[in-house]
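This report walks through one model, element by element. Keep the sequence and the structure in view while reading.

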Amino acid sequence: MAAAVQWRPARVLALILGLAFIIILFHLHVFDRDPVVVVGDQRISLKKEKGKPFAVDPLMKMTGPPEGILFGPGEAPRVNATLLSLVRNEELEGMLQAMDDLERTFNSKFNYPWTFINDVPFTKRFMEATKAKTKAEVFYEVIPKEHWEVPAWINPDLVASSAALLEQQGVQYSGMKSYHQMCRWNSGMFYKHPALLKYKWYWRVEPKVHFFCDIDYDVFRYMQDYNKTYGFVINIYDSPQSIASLWPSVEEFMAEHPEYLHPNNALQWLTDSENRPEHNEAAGGYSTCHFWSNFEIADMDFWRSKKYEDFFNHLDRAGGFFYERWGDAPVHSVALGLMEDRDKIHWFHDIGYQHIPYFNCPNSDKCKGCEAGRFTDGQGLDQEDCRINWFKFAHMN
Ligand code: GDP
Ligand code: MN
């Protein structure tokens, strides 16, 4: 005959505590096999197939505007912001098309001023045609010469021989001097333009980009009210050959300035080597995953901070804007990933966007002309998508 179990109070208590502990572990998703990210109030499980990058599909659950108190047209004063385009006179048609899209989906409701910037004066034709596209204020500015010129410490012979080498490696635009100047200006100069000093916020808009979805709240106010620094829509890998010595230069800088590393940084995102390990290796330890900077909604005070100024000057002196082809996208991304609180970086999943050849296409009836979930219109480019890395490292808990 089996001995009767003796239900002593201590045993009962231990059993209850044990059960409670297991329930808590379940709630903390300790037993989940797939990584889980938390974006806003959503928990999204990321499926990992062996040898493949994390699946992106679950992110398409993210469709609506960010949660929180949002302000529609006329519900709150505008914040201190401008729509910002560095653009050439020859790109007028593409600019008008991008303006049409942004005015239709957002700005006709909020009337943020446009600032157009150029390294040469805008033509009358450019100014008249762009002005006619908006009822908001429009400003036309020329870049101060000293912001655009190649710095004196750059050796033109070395630039020429480096360009030839980069060309061989298939680096796009390597021989185009103005492209290098543009990348440097977008990295460390634009926010110093005298006409921009009065603004805190900007939304970068390039000619020929598309916006697909109605945006019914003031995105700048969202950024301000929710204490964000930087908003993006697309994350992709860079060509490691264009930034071979960027990460080593950054490491040098961070060794001199360990105090600039933010305690809530995204270093793991920057240094990931699980997906596309060959990129990490070729770029000296940087995954090359970056926020695609042809779209940016951001706070210029970050770029204007001493830490970023020191960071930019270090890179500028290293010469990689001209001897390699460092883009403003990896430069901004690395700076943000190291020196900013990663919780202040926001994915505008609800802004439908295209800059050839990539899309951000929300699954929402607010969007027209964009196939939900589509990432690229090119063949074999899906592997360039690294959005999932951001979610894995920046939001996983
Ligand atoms: P990609 O997106 O990397 O292919 O480069 P883009 O040719 O689109 O250039 C990025 C942005 O800088 C676009 O808004 C261009 O209009 C602008 N841009 C590039 N080079 C120049 C330049 O030499 N002068 C001016 N004014 N704008 C430029
Ligand atoms: Mn472009």
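## Helix α8

In helix α8 (residues 246-256), the buried residues are L246, W247, S249, V250 and F253. Buried means that 20 or more other C-beta atoms, placed from the backbone, lie within 10 Å of the residue's own. Helices here are DSSP runs of H or I with at least four residues, and strands are runs of E with at least two, both numbered from the N terminus. The five lie on the same side of α8 because they cover an arc of only 155° around the axis. That arc is taken from the directions from the helix axis to the C-beta atoms.

The buried residues of α8 pack against α12 (306-318), α13 (320-323) and α14.

## Basis of the model

This is a predicted model: local features need pLDDT of at least 70, side-chain atom pairs count only at pLDDT 80 or more, and totals for chains, interfaces and linings use all residues. Residues are numbered from 1 along each chain as its sequence is written, while chains are lettered from A and ligands numbered from 1 in the order in which they are written.

## Overall fold

The chain has 15 helices and 14 strands. Of its 397 residues, 38% are buried. Among contacts with a separation of 6 or more, 79% link residues 24 or more positions apart. A contact requires C-beta atoms, placed from the backbone, within 7 Å.

## Nonpolar core

The largest nonpolar core holds 87 residues, and F232 and A335 have the most contacts inside it. Helix α14 (residues 328-339) gives the most to this core, with seven residues. Such a core is a set of buried Ala, Val, Leu, Ile, Met, Phe, Trp, Tyr and Cys residues, joined through C-beta atoms within 7 Å.

Setting aside neighbours within four places in sequence, F232 contacts F291, W292, F295, E296 and W347.

## Around ligand 1

The shell around ligand 1 consists of L86, V87, R88, E91, N118, D119, S178, Y179, M182, E206, P207 and N294. Each has its C-beta atom, placed from the backbone, within 6 Å of the ligand. Helix α6 (residues 177-188) provides the largest share, three residues. By type, the shell has five nonpolar, three polar and four charged residues. Nonpolar covers Ala, Val, Leu, Ile, Met, Phe, Trp, Tyr, Cys and Pro; charged covers Asp, Glu, Lys and Arg; the others, Gly among them, are polar.

## A three-stranded sheet

One open sheet runs in the order β7-β13-β14, with antiparallel pairing. Its edge strands, β7 (210-211) and β14 (358-360), each pair on one side only. Pairing requires at least two DSSP bridges between strands. Two bridges join β7 to β13 (residues 353-355). H210 has Q354 as its bridge partner in β13.

Technical notes:
A residue is buried if 20 or more other C-beta atoms lie within 10 Å of its own, exposed if 12 or fewer, and partly exposed in between; C-beta atoms are placed from the backbone. Two residues are in contact if their C-beta atoms, placed from the backbone, lie within 7 Å.
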